[in-house]
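Thank you all for coming. I would like to take a few minutes to walk through some local details of one structure, so please have the picture in view.

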Amino acid sequence: MDGNYVNKWKQFNETVWRPFIQSPARSSVVVFFFFSLLVGAFLSTRFHEYSPIGASSAKQALLRGESVGNITLSYNNSALTQERPLPKIEIPLNNTDSQSKTTQSEKKPRPKIEFPLQCPDTNITQTCPSYYPEKTELDPDAPPPSTCPDYFRWIYEDLRPWRETGITHDMVESAKRTANFRLVILNGKAYVEKYQRPYQTRDVFTVWGILQLLRRYPGRVPDLELMFDCVDWPVILKRHPWPNATAPPLFRYCGDDNTFDIVFPDWSFWGWSEINIKPWDHLSKEIKEGNKMIKFMDREPYAYWKGNPFVAPTRMDLLKCNVSDKQDWGARIFIQDWIKESHEGFKQSNLASQCIHRYKIYIEGSAWSVSEKYILACDSPTLLVKPKYYDFFSRGLMPVQHYWPIKENDKCRSIKFAVEWGNSHKQKAAEIGKAASDFIQEDVKMDYVYDYMLHLLTEYAKLLKFKPTITKNTVELCSETMACKASDHQKKFMMESLIKNPSDTAPCVMPPPYDQAGLVRQLRRKNNAEKQVEDWEKNYWNNRTMRH
């Protein structure tokens with residue numbers, strides 16, 4: 001030490017320190033004072049290390065991939081713009097510990113970019129916007145796509161007639177005879193040429209559904225050209241002598257075993273405005289909640305049907321099964337007057353409040369009926385009068401597993417047995433109702449409806465042997481040109497079913513097509529289940545006759 005320093009210490013010792021140490025009280029104050037200084041200095045350095053400024057510097061270093069202590073983290077470029085949270089870091093007490101512990105908080109979900117409908121406030125002619133993305137990137141953190149429900153396999157069967165020959169432009173043109181509209185998709189845009197006007201707004205909401213598919217999966221729907229018929233019954237007969245032995249490809253809502261029509265999801269999935277049936281995405285949730293109102297065991301122990309019987313003789317025949325003074329077949333049948341209902345605000349036709357009976361009856365109208373999905377969703381066993389037609393999902397249903405088969409030519413006795421059997425086997429009956437409801441709520445949810453449309457159109461487009469083109473009569477349509485000018489009620493349903501943002505996950509993966517043996521097994525299983533119920537029913541009535 002130099003002399004200056006020694007002299008200053010002596011001066012401090014004599015003038016400051018000594019007077020304090022001569023007094024015990026003063027000595028305690030001095031010790032407390034110096035201890036406080038030491039603690040304050042320590043806390044100050046720690047506070048600086050973990051202050052917002054220090055944390056920000058550490059975060060920037062982490063984002064740059066630099067080292068913080070003995071920990072190094074790096075991010076890809078996207079992390080610099082997404083403001084991910086600072087990873088949670090545990091700093092080891094011993095800096096020489098080679099096993100530093102680092103944990104990362106859960107990643108934020110990818111932000112959903114919405115593209116709402118933009119309608120002008122004035123009478124300016126609405127045009128299709130150009131801002132909607134042409135394609136989207138998939139979320140790399142999303143789980144792998146699931147396998148599509150088994151009924152997707154029927155896509156291959158529906159397109160089998162053209163597997164060998166392909167589809168020429170002449171074939172498509174030959175389907176124009178009964179079509180309501182031509183659909184052309186080019187570069188992700190939809191063009192429509194209208195022909196015959198269909199019943200109500202079937203074509204409007206069918207096209208609307210296709211436009212939502214384009215919004216959900218931009219860049220995924222291939223170029224294609226097709227004809228669509230909105231009438232109920234299929235018309236492309238297998239036995240007809242088609243030119244070159246090849247039938248024209250025609251899309252519609254249902255098919256049967258005698259026709260080649262290609263089945264496609266019906267318009268009601270996006271709403272049936274004329275009778276106030278909401279879009280399926282909303283209505284399915286309402287029915288699911290409505291099912292909770294009355295438990296299965298507490299529901300009325302009868303079979304319920306309500307609808308318009310005047311559209312088909314088979315429905316008129318069903319009226320005979322209603323309860324009367326002379327006979328109770330276990331059925332409660334009601335006629336739906338849609339004209340009266342529309343005048344009264346549809347107060348008695350809320351589908352979500354009609355699941356109060358233990359059994360629901362499904363019966364076709366002039367062809368297949370859109371009521372099928374609503375009836376199957378009720379948690380009550382569906383007594384399904386033997387159908388002639390199928391829609392896109394109903395071939396995935398299995399007798400006794402998803403529904404109870406009813407004879408078409410002996411409805412009343414068949415319904416009576418079904419109700420008696422169900423009331424004697426309540427647990428099994430409840431399981432059948434729940435299996436059907438789960439099938440409808442899960443395998444026919446809107447995610448899978450869109451995926452079915454996508455896979456069907458993709459497989460169809462693979463068969464085209466010509467390049468689709470637009471003509472002077474085709475008009476470009478998009479969500480804006482359809483919804484902005486729609487009536488209030490139609491617009492309401494369109495807004496409820498509007499796809500606001502593209503999907504960042506892949507569609508479900510198509511299951512393989514049936515091989516011949518697999519298809520035979522599937523059909524045989526279905527026939528055996530129906531035959532089993534017929535045998536049970538026959539024995540029931542034989543025993544009943546013997547007792548009387």
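What we have is a predicted model, in which local features need pLDDT of at least 70 and side-chain atom pairs count only at pLDDT 80 or more, whereas totals for chains, interfaces and linings use all residues. Residues are numbered from 1 along each chain as its sequence is written, and side-chain values use heavy atoms, with hydrogens and water left out.

Let us start with Asn187, which sits in the loop between β5 (181–186) and β6 (189–194), strands here being DSSP runs of E with at least two residues, and helices runs of H or I with at least four, numbered from the N terminus. Its phi is near 50°, a positive value in a residue other than glycine. Asn187 counts as exposed because its relative accessibility is 69%, where exposed means over 50% relative accessible area, buried under 20% and partly exposed in between, with a 1.4 Å probe and protein chains only.

Gln200, in the loop between β6 and α7 (202–216), also has a positive phi, near 55°, and is not a glycine. With a relative accessible area of 25%, Gln200 is partly exposed.

Now, which helix holds Asp451? Asp451 belongs to α14, residues 446–462. A polar atom of the Asp451 side chain lies 3.0 Å from the backbone nitrogen of Cys508. Leaving aside residues up to four places away in sequence, Asp451 touches Phe152, Arg216, Tyr217, Pro507 and Cys508, contact meaning heavy atoms within 4.5 Å.

Technical notes:
Polar contact = N/O pair within 3.5 Å; in protein donor to acceptor, adjacent residues only side chain to side chain.
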